[in-house]
Amino acid sequence: MKKTSWISKLTSTIATGTAAFMLFAGFASAHVTVSPSVAQTSAWQTYTIKIPSEKELPTTKITMKVPEGVAFKQYQPLAGWKITTEKNDSNEVTSITWEIDGDNEGILAGQFQQFNFVAQNPKAEAEVAWDAFQYYSDGSIVEWTGQPSDANPHSITTISEDPAAAGNAAAGGGHANEGHDSAGTEAGTGDNAANDDSKANDDSKANDDTTLGDALNDTVTGEPNNTDTDPGTLKLQQATLIVSILALILSFLGIALATRRKKR
C-alpha cells in the first residue's frame with residue numbers, strides 16, 4: 001500500500017515537473033528573431049523575421065528598426081497585413097512596420113508569423129542588431145531590444161567575409177557586389193571583348209534576379225531561414241520529447257498501480 005502511494009506521488013511529481021519544463025522551454029525559445037544569423041558582406045540578403053505570440057492575446061503589430069549600415073531594399077507583401085516604412089532625410093528606410101489589416105485578427109496565442117524582406121549588408125564585417133517592438137491587442141508592447149543574456153534580447157546577424165557565410169547569403173538571395181561587372185567591362189578591349197562583357201553582364205543580371213526570386217519562393221513554400229534549425233534549439237526539443245515520453249510512461253504506470261490497488 002505504501003509502495004503504491006509512493007510511486008503515485010513520484011509519477012505526479014515528474015508529470016508536473018515535465019509540464020513546467022515544457023512551458024519554460026516554449027517561452028525560452030519564443031523570441032522575435034531575424035534570420036539568417038550569418039550573412040555575407042555587401043550581399044543583397046533575403047531576411048526573415050519570425051514573430052511568435054507569447055501572451056494569451058493576439059499580436060496586432062510589429063515594428064523593426066533597420067540596423068545602421070544595413071540598406072533596406074524591399075519587402076514581400078502578405079495578405080491581411082498592412083506594411084509601411086519610415087525614412088530619414090536621406091530617403092533611407094529606418095524602420096518597417098507590419099500591422100493587421102481588414103478582418104485579420106493578428107497572431108493568436110500559440111501561433112507565429114514570418115515576414116520576408118531584402119536588405120543589402122554592410123561592406124565591412126560587423127554584428128548588426130535587429131531591434132523590434134511587438135504590439136498586443138490590449139495596447140501592451142514587448143521591446144525586443146536587449147542583449148543576448150536579457151529576457152527580451154534583440155536578434156543579431158553576423159556580417160562576415162567568410163566563404164561559408166557567402167554560401168549562406170546565396171541560399172538567402174545574395175547578389176554579387178555592385179560594380180563587379182563594370183570592372184570586367186573596363187578590362188576588356190576591342191569589339192569582341194565588349195560583346196563578351198555585355199553577355200556576361202546580361203547573364204549575371206539574370207542569375208541575380210533568379211537567385212532573389214528563388215529565395216523568396218523558397219520562403220513562401222515553407223523553407224525560410226529561421227532559428228528552429230539551430231543546434232541548441234534542436235537539442236532542447238529532443239530533451240523535451242524524451243522527458244515527455246518518460247512522464248507518459250510513468251503516468252501509465254501510476255494508473256495501472258492505482259487500478260490494481262482498487263481491485264484489492
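Reader: How many aromatic pairs does the structure hold?

Author: This predicted model holds seven aromatic pairs. One of them is formed by Trp81 and Phe115.

Reader: Why is the pair of Trp81 and Phe115 called edge-to-face?

Author: A pair of aromatic rings is described by the distance of the centres and the angle of the planes. The centres of Trp81 and Phe115 are 5.1 Å apart, and rings pair if their centres lie within 6.5 Å. The planes stand at 80°; an angle over 60 degrees counts as edge-to-face, and the pair is therefore given that name.

Reader: What makes the pair of Trp81 and Phe115 a tie between parts of the chain?

Author: Trp81 belongs to strand β6 (residues 81-87), whereas Phe115 belongs to strand β8 (residues 112-120). These parts are 34 residues apart in sequence, so the pair ties them together.

Reader: Why is the pair of Trp98 and Phe115 called stacked?

Author: The ring centres of Trp98 and Phe115 are 4.9 Å apart, and the planes meet at 20°. Planes under 30 degrees apart count as stacked, so the pair of Trp98 and Phe115 is stacked. This pair also links distant parts of the chain, with Trp98 in strand β7 (residues 93-100) and Phe115 in strand β8, 17 residues apart.

Reader: How do you know whether Trp98 and Phe115 are buried or exposed?

Author: Buried means under 20% relative accessible area. Trp98 has a relative accessibility of 0% and therefore counts as buried. Phe115 has a relative accessible area of 2%, so Phe115 is buried. Trp81 is buried as well.

Reader: Which residues do ring pairs link into a cluster?

Author: The cluster consists of Tyr47, Phe72, Trp81, Trp98, Phe115, Phe117 and Trp130, linked by ring pairs.

Reader: What makes Lys50 a residue that lies over the face of Phe112?

Author: Lys50 is placed at 4.6 Å from the ring centre of Phe112, over its face. The distance cut-off for such an arrangement is within 6 Å. Lys61 lies over the face of Tyr135 in turn, at 4.2 Å from the ring centre.

Reader: How many helices and strands does the protein chain have?

Author: The protein chain has five helices and 12 strands.

Reader: What makes strand β10 largely enclosed?

Author: Strand β10 (residues 132-136) has five residues, and four of them are buried, so the strand is largely enclosed by the rest of the structure. Five bridges join strand β4 (residues 59-65) to β10 in an antiparallel arrangement, and the bridge partner of Thr63 in β10 is Phe133. Four bridges join β10 to β11, also running antiparallel, with Tyr135 opposite Ile141 in β11. Strands β10 and β11 form a hairpin with four residues between them, and Gly139 in the turn has a positive phi of about 95°.

Reader: Why does Ala30 count as buried?

Author: The cut-off for buried is under 20%. Ala30 has 15% relative accessibility and therefore counts as buried. Ala30 lies in the loop between α1 (2-29) and β1 (33-35). Leaving aside neighbours within four places in sequence, Ala30 is in contact with Pro52, Glu54 and Trp144.

Technical notes:
Residues numbered from 1 in each chain as written. Predicted model: local features only at pLDDT ≥ 70, side-chain atom pairs only at ≥ 80, totals over all residues. Heavy atoms only, no water. Phe/Tyr/Trp six-rings, centres within 6.5 Å; stacked < 30°, edge-to-face > 60°. Helix = DSSP H or I, 4+ residues; strand = E, 2+ residues; numbered from the N terminus. Buried < 20%, exposed > 50% of the residue type's maximum accessible area, 1.4 Å probe, protein only. Lys NZ or Arg CZ within 6 Å of the ring centre and 35° of its normal. Contact = heavy atoms within 4.5 Å. Pairing = 2+ DSSP bridges.
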